[in-house]
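Have the sequence and the 3D view ready.

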Amino acid sequence: MTDELEDGPTLEEAKAAAAVPPETVPGSEDLPEDVRDGEAGDE
Amino acid sequence: MTSPQRPTFLIEGPASACILGGKSLGWLNCTPLSAAMGIDRSTLGEDRISGCQVRDEIEPSDVVGGTTMSQCAAVAERHGVQVERHTGPNVCTPVYAATQLQAGRGFILQGNTEAIGKANVNHAVWINHSGGGTLGHPTSAMVYDPWSTGPAVWSWSKVLAFAAALHPWGEADKRRLGPGKFYAGIFPDTEPHFHSRYSGIAASPLPSRKTATAPVGRKVNARSGPGTSFSIKRMLPRGTVFMAYQTTRGQRIEGSATWFGDHDGGEWIHSSGLR
């Protein structure tokens, strides 16, 4: 299947970078754990 | 090289699309729909369930209003699909999520549709893969937004704006998440992938670039299965490239039972015809 998106980093490059664990984001301490999604509808 | 695995698109609505406990939840299922697409993608299409089924599997049962990332991630995990959850104090950076995406992991992203031309509605979409740019900074993404008519390319700027517009304390609260944070549920790595047929196992490396080795003037047969009883699908002249994604033990020819298969397992070439 062809893809409409242009090429980016190779899979190998990305996998090497993805091995780095995430860091805590400053200013996120008080964010609520759960955010409930809202109601969509006909437009 | 094939593109990343894609799920079947699941559309949200109408209200009657999902009735549980007498409640019409069809417009309140964006996260379950996104999770269903995530399960589809992560199992390479082997486990395809509806968003309504994901909603029905939430424990304890919840048929009031919308749902949360945690509720839907738990359903995915009961389907054997682990979800790396980033919500609340554990939100991740967009760069981290983008890097995971580029490495082969799709994710559910929560945001608010006021950033994309709709009303103030907290919403969730499935981000399947990205394109362009550099590590952690793609230029675009293929987004499966249930509240749309199908998968569509979003600029990465649009993805960032959608995420930053999330109202973490509810739609009635004016506070927004802001830039630099994603509420995301990151699914397992599926890339590179192949679809095993005839007991095919992954080629090493995956994929393996091979070329047809027919004698001059002759061609190598690519068959529909690993044996000469299978139909010939095409004939490869000497030097034609064949990307092998899987191998299997099939009919023994000239002392070897090894056959190489393509991405979908629809074409097979005996090892004597490739190098």
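## A buried charged pair

B:R41 and B:E191 are both buried (buried means under 20% relative accessible area, exposed over 50%, and partly exposed in between, with a 1.4 Å probe and protein chains only). Their side chains meet in a salt bridge, 3.7 Å from N to O (a side-chain nitrogen of Lys or Arg within 4 Å of a carboxyl oxygen of Asp or Glu). This pair ties together distant parts of the chain: B:R41 sits in helix α1 of chain B, while B:E191 is in the loop between β8 (183–189) and β9 (201–202) of chain B, 150 residues apart. Helices (H or I, at least four residues) and strands (E, at least two) are DSSP runs, numbered from the N terminus.

## How to read this model

This is a predicted model, where local features need pLDDT of at least 70 and side-chain atom pairs count only at pLDDT 80 or more, while totals for chains, interfaces and linings use all residues. Residues are numbered from 1 along each chain as its sequence is written, chains are lettered from A and ligands numbered from 1 in the order in which they are written, and side-chain values use heavy atoms, leaving out hydrogens and water.

How many salt bridges turn up over all chains? A search of the whole structure finds eleven. In one of them, B:D40 pairs with B:R48 at 2.9 Å, N to O. B:D40 counts as buried because its relative accessibility is 3%.

B:R175 and B:D173 form another salt bridge, with their closest N and O atoms 2.9 Å apart. Here B:R175 counts as partly exposed, at 44% relative accessibility, and B:D173 is partly exposed too, at 21%. There is also a network: salt bridges with shared partners join A:R36, B:R55 and B:D62.

## The nonpolar cores

Now for the greasy part. A nonpolar core is a set of buried Ala, Val, Leu, Ile, Met, Phe, Trp, Tyr and Cys residues joined through side-chain atoms within 4.5 Å. The largest one has 25 residues, and B:V54, B:I108 and B:F187 have the most contacts inside it. At least two residues each come from α1 (30–42), α3 (69–78), β5 (122–131) and β6 (140–144) of chain B, with α1(B) giving the largest share, six residues.

Which residues does B:V54 contact, leaving aside neighbours within four places in sequence? They are B:P32, B:A35, B:A36, B:I49, B:C72 and B:V75 (contact means heavy atoms within 4.5 Å). A second, separate core has 20 residues, including B:L109, B:W156, B:V159 and B:I186.

## The second largest pocket

Rolling a probe the size of a water molecule over the atoms shows where empty space is left. On a 1 Å grid over the protein atoms alone, using a 1.4 Å probe, a pocket is an open set of points with protein on both sides within 12 Å along at least five of seven lines, and lining residues have an atom within 4 Å of a point.

The second largest pocket has 17 lining residues, and B:K219, B:V220, B:N221, B:S272 and B:G273 lie nearest its centre. β11(B) gives the most to this lining, four residues.

One of those central residues, B:S272, sits in the segment after β16 of chain B. B:S272 counts as partly exposed because its relative accessibility is 41%. Not counting residues up to four places away in sequence, B:S272 touches B:T213 and B:E254.
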